[in-house]
Amino acid sequence: MSTRAVATRPFHRGVVIASLLAAAFGLAACSSGSSDSSFAGMDEEQSEASGADSADGGGEGGAITDSPAGDRSLIITGEMFMTVEDPIAAADDATAMVEDAGGRIDARSETAPRTYDGGSAHLTLRIPAPELDPVVEELRTLGTVDEFSTTSADVTREVDDLAAQISTLRASTTRIEALLADAEDIKDIITLEDELDSRQAELESLEARQRGLDDQVSMSTIDLSLTTEPVVIVDDAPRTFWSGLQSGWDGLTAFVSGALVVAGVMLPWLAVAALVGAVVLALVRASRSRRAAQVATAQPATSASPDEPAGPATPGD
């Protein structure tokens, strides 16, 4: 009798493990499917995880349909194109507005001013969903809004499906861990460990998707483009005789006006230069006059000098 009990004990353990694996594989098929009928055919594990929704009498689909608008999960994205005087400064102001509202800047690019435009800036704004409208109104003060549009995607069903799958996988993982703790046969341990690793990997993947959805729902995304007014180049080259004549006259008057401006600027300097020249010329003339007087005074004395021999006497002497 004891031998038979010992023989049937591994058999019962194998039946339990086989049943658990079958339920786990069925759960994997349900979690990878996208139709609502697969969730309706799941076992009691998922029914317990979503018991609160089922108690309302609507099931999963009924809970989503009957949910009030405030309970919906919406992903809001939008684009805003603005014309501003200084795109770089406006980008700094927009960054401050978003951060003050509890948001963040996921991307930012800038273009320096060039010959024909004043530069540009592009930002990806992540704004808390409740603060979206106030922040947008504040952004409008930066300049002129050329275009603004938003779109919303309702992901309520996807969020609820993920929550149900995660709840079921956690319960299944907990049961596998309990069986693994009681397992004694090496084959059972290996099988349970492989299944536990698979369940945990799938659970981590679903939780990552859930975190991504939560971030998209809680933080709206706005792509902001800031530019300046384009520089318009007008071709005013003369095309006819009269336009050429007018262009020449305009050039002449511009030249005369420029020359008069230059003359007005140079006139004080010319007056000072003329005054300085007159003073220098007077000094030079005075110096020459003194030198000539000295030379004239020195000539008689030189002619009456005794050392000079007397010339031949004339007959009149």
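**Exercise 1. With which residue does Arg-104 form a salt bridge whose closest N and O atoms are 3.4 Å apart?**

Before we start: this is a predicted model, where local features need pLDDT of at least 70, side-chain atom pairs count only at pLDDT 80 or more, and totals for chains, interfaces and linings use all residues. Residues are numbered from 1 along each chain as its sequence is written, and side-chain values use heavy atoms, leaving out hydrogens and water.

*Solution.* 
- Step 1: recall that a salt bridge is a side-chain nitrogen of Lys or Arg within 4 Å of a carboxyl oxygen of Asp or Glu.
- Step 2: the partner is Asp-215.
- Step 3: Arg-104 is in strand 2 (residues 104-111) and Asp-215 in helix 9, 111 residues apart. Helices (H or I, at least four residues) and strands (E, at least two) are DSSP runs, numbered from the N terminus.

**Exercise 2. Find which residues are linked with Arg-104 in a network of salt bridges.**

*Solution.* 
- Step 1: Arg-104 also pairs with Asp-106, at 2.9 Å.
- Step 2: Asp-215 bridges to Arg-126 at 3.1 Å, and Arg-126 belongs to strand 3 (residues 120-128).
- Step 3: together, Arg-104, Asp-106, Arg-126 and Asp-215 make up the network.

**Exercise 3. Decide whether Arg-126 and Asp-215 are buried or partly exposed.**

*Solution.* 
- Step 1: buried means under 20% relative accessible area, exposed over 50%, and partly exposed in between (1.4 Å probe, protein chains only).
- Step 2: Arg-126 has 7%, so Arg-126 is buried.
- Step 3: Asp-215 has 28%, so Asp-215 is partly exposed.
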